[in-house]
Amino acid sequence: MEGASPGDDLLPGALCGQSGIYQVIHRAHRVTHNVLVRARELFPRCKVCGDAVRFRLVKQVSQPPFMRAKRVRKKSAGR
Ligand SMILES: [Zn+2]
């Protein structure tokens, strides 16, 4: 099987392969907290501990609650 499975630590800057709630584990400056990261997004760096932060999948989310359908604008070709 490929992809992240629950329990895997993920690094900031890595491509998220699974939309879900991720636990953010910081060095020492703050407690862990959860964030929603969507597939094809990059895991963010922390402003304080930078690359030392780790992400761990807590709960998979198939349909992000705040996903908005983006309208694709057709480019007018000329005129
Ligand atoms: Zn941090």
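Visitor: What makes β2 and β4 paired strands?

Guide: Two strands pair if DSSP finds at least two bridges between them. Here 6 bridges join β2 (residues 20–25) to β4 (residues 54–60), and the two run antiparallel, so they count as paired. Within this pairing, Y22 stands opposite L57 in β4.

Guide: A word on the source. This is a predicted model, where local features need pLDDT of at least 70, side-chain atom pairs count only at pLDDT 80 or more, and totals for chains, interfaces and linings use all residues. Residues are numbered from 1 along each chain as its sequence is written.

Visitor: How many helices and strands does the chain have?

Guide: The count is 0 helices and 4 strands. Both are DSSP runs numbered from the N terminus: helices are H or I with at least four residues, strands are E with at least two.

Visitor: In what order do the strands lie in the sheet?

Guide: The order is β1-β4-β2-β3, an open sheet with antiparallel pairing.

Visitor: Why are β1 and β3 called edges?

Guide: β1 (9–10) and β3 (33–37) each have a single partner strand, so one side of each lacks a neighbour in the sheet.

Visitor: What does Q60 contact beyond its neighbours within four places in sequence?

Guide: Q18 and G20. Contact is defined by C-beta atoms, placed from the backbone, that lie within 7 Å. Q60 and G20 are 40 residues apart in sequence, yet 4.2 Å apart in space, C-alpha to C-alpha.

Visitor: And R40, buried or exposed?

Guide: R40 has 9 other C-beta atoms within 10 Å, so R40 is exposed. R40 is found in the loop between β3 and β4. Its phi is near 75°, a positive value in a residue other than glycine.

Visitor: What makes up the largest nonpolar core?

Guide: The 6 residues are Y22, V24, V37, V53, F55 and L57. β2 and β4 are the elements that give two or more residues to this core. Such a core is a set of buried Ala, Val, Leu, Ile, Met, Phe, Trp, Tyr and Cys residues joined through C-beta atoms within 7 Å.

Visitor: How much of the chain is buried?

Guide: Buried residues make up 10% of the 79 residues.

Methods:
Contact = placed C-beta atoms within 7 Å. Buried ≥ 20, exposed ≤ 12 C-beta atoms within 10 Å, placed from the backbone.
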